[in-house]
Amino acid sequence: MNLFDRLKNIDRRTIFVLIALSVLIPLFVPIKLRIHVSPPAQGLYDAIDRLPPGSNVLMAFDYGPSTMPEVYPMTLAILRHVFSKDLKVIAMALWPEGASIAQDAFKTVAEDEFHKLYGVDYINLGFKAGGLVVIQAMGTSIPAIFPTDQAGRPVEEFPIMKKVKNFDEIEMIVDLSAGDPGIRHWVMIAQARYQKKVGGGCTAVSAPAFYPYLQTGQLVGLLGGLMGAAEYEALVKHPGSAIKAMPSQALSHAVIIILILIGNITFFVERRRSRKQG
Amino acid sequence: MRRQVPLVITFVAGMLMIISYFIPRQPFGGLQNLFNQWFIVIVAFALILGALNLIKVNAEKIRRKRPGWGYSAVLLITFTVTVISGLFWGMEQETVFGFIFRNMFVPLGATMFSLLAFFIASASYRAFRARTIEAALLLIAAILVMLGRVPLGSYIWRQFPMLANWIMAFPNMAGQRAIMIGIALGTVSISLRIILGIERSYLGGGE
């Protein structure tokens, strides 16, 4: 078998090993890469940055453990920004696993780093099934939809919820999403119907679908995938797991591009050969 | 009656939601809120129904010793342990539920999703070919975005990130918007068909 045949028929196990190495090697050999901040990430940062201290930010945790490697780093970066600006966070989830993820994120950022008080500076309202209808109902009354927090305590016990009736008391909504229900539904109801500022973060694969909302201004900003998380970490000047993972992502992208090019070169060479023969 | 009653309920509920969007005042606004709350309650029951169905299907598989019944046993055991721990000891971080969530569910979920990277790499090598002009355009755009969306791109050429942003913000946005408008028109048309009782397949019975 000559080199051409070998390149034409690379075994999938070889590809798997190449991808594994491209992810693993940069984790052991740290490389510092420059992060270029995209306009959608800058838009989200600016929108949060402009909020006056004490404003309520509603954060929806609409993702699960499978997408945590991409979305969780941006969650932490946004929380760091929000708490550094003395904003108040009301967390909720339209995905069942989201409520537990919010709990972990608050433990890391709110409690350990910023020493914020539960019920005063932030609250976790937990999960509610119903997707778009939950958002619509929150427009009328948030305490009616979430009468208790994640642990089952009545929300009226907490100072942060004392004045919160509906979206009127929410300055901005940040949805961290990995699918449906997610950003699209928050834009459809909270922005289009209640004119709330909506920003978000999502997996890289779903980010392209939200660009029409960015262009119309219905989304103030968007973080797409691990790169979006790295951009936000760079903006808040707190390098975390996303920036650390960037070399791995860069190298694995390079490997995939090289594989695509090899596949196409062999395809064209073979096509040319078969035309000559035919 | 078995067909007429659901059709009437669908018509009334559908029309009310449409009217209340344009006229949010009473009585429509109040009725909409009531319907929303009913929907949330029904969805909660649907979740319970889903869980019960999951138990039924997997218990049946174990009872009949169908191929892969061992996986069903694992599913039922872990399901029971998680539900019991969550119900009796709460879902806080320090509880058994929290331990299961953080140390089992999170790594397993992330592992499943990360396997995609391997399959995507293998599939793009085998199938991503510039066979036509359209496919070539897609391939070039994909490579430019892949390079522009990682820091490596800006080291090769400083304009790569800007180029990737331009592709996302213009050609991609235009395509996405066309898809979005198409979906919206399709949704409006199918919703009207359901509300007016023309589309009845959701009632079952093969009609």
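Reply:
**Starting in the core**

Leave aside residues up to four places away in sequence, and Phe61(A) touches Ala91(A), Ala93(A), Trp95(A), Gly98(A), Ala99(A), Ile101(A), Ala102(A) and Leu176(A). Here a contact means that two C-beta atoms, placed from the backbone, lie within 7 Å.

A word on the source. This is a predicted model: local features need pLDDT of at least 70, side-chain atom pairs count only at pLDDT 80 or more, and totals for chains, interfaces and linings use all residues. Residues are numbered from 1 along each chain as its sequence is written, while chains are lettered from A and ligands numbered from 1 in the order in which they are written.

Back to Phe61(A). The largest nonpolar core has 108 residues, and Phe61(A) is among those with the most contacts inside it, along with Ala60(A) and Ala91(A). Such a core is a set of buried Ala, Val, Leu, Ile, Met, Phe, Trp, Tyr and Cys residues joined through C-beta atoms within 7 Å. Buried means 20 or more other C-beta atoms within 10 Å of a residue's own; exposed means 12 or fewer; partly exposed lies in between; C-beta atoms are placed from the backbone. Helix α4(A) gives this core its largest share, ten residues.

**Chain A around it**

Chain A has eleven helices and six strands. These are DSSP runs, numbered from the N terminus: helices are H or I with at least four residues, strands are E with at least two. Of the 278 residues of chain A, 53% count as buried. Take the contacts in chain A with a separation of 6 or more: residues 24 or more positions apart account for 74% of them. The C-alpha trace of chain A spans about 80 × 40 × 30 Å along its principal axes.

Chain A is divided into domain 1 (3–30 + 246–277) and domain 2 (39–239). Such bounds come from an automatic or database domain assignment. The centres of these two domains of chain A, taken over C-alpha atoms, are 39 Å apart.

Some loops of chain A deserve a stop. Pro181(A) sits in the loop between β4 (172–177) and α8 (183–191) of chain A. A cis peptide bond joins Asp180(A) to Pro181(A), with omega about -10°. Gln195(A) is in the loop between α8 and β5 (197–202) of chain A. Its phi is near 55°, a positive value in a residue other than glycine. Gln195(A) counts as exposed because it has 10 C-beta neighbours inside 10 Å. Lys237(A) is in the loop between α10 (225–235) and α11 of chain A. Phi of Lys237(A) is also positive, near 55°. Lys237(A) is exposed, with 9 other C-beta atoms within 10 Å.

**Out to chain B**

Now the meeting of the chains. 50 residues of chain A are in contact with 47 residues of chain B. Helix α11(A) gives the most to the side of chain A that touches chain B, with 14 residues. By class, that side has 29 nonpolar, 16 polar and five charged residues. Ala, Val, Leu, Ile, Met, Phe, Trp, Tyr, Cys and Pro count as nonpolar; Asp, Glu, Lys and Arg as charged; the others, Gly among them, as polar.

Leu259(A) lies in helix α11 of chain A. With 22 other C-beta atoms within 10 Å, Leu259(A) is buried. Apart from its neighbours within four places in sequence, Leu259(A) is in contact with Ile15(A), Ala121(B), Ser124(B) and Tyr125(B).

Chain B has seven helices and zero strands. The radius of gyration of chain B, taken over C-alpha atoms, is 25 Å, well over the 17 Å that the globule rule (2.2 Å times the number of residues to the power 0.38) gives for 207 residues, so chain B is more spread out than a compact globule. Buried residues make up 13% of chain B.

Domain 1 (1–66) and domain 2 (133–207) are assigned in chain B. Their centres are 30 Å apart, over C-alpha atoms. Their contact takes seven residues from domain 1 of chain B and four residues from domain 2 of chain B.

Chain B has a cis peptide bond too, from Gln26(B) to Pro27(B), with omega near 5°. Pro27(B) is found in the loop between α1 (4–22) and α2 (28–63) of chain B.

Last, confidence. Mean pLDDT, the predictor's confidence in each residue from 0 to 100, is 91 for chain B, and 99% of the residues of chain B reach 70 or more. The model scores ipTM 0.86 and pTM 0.91.
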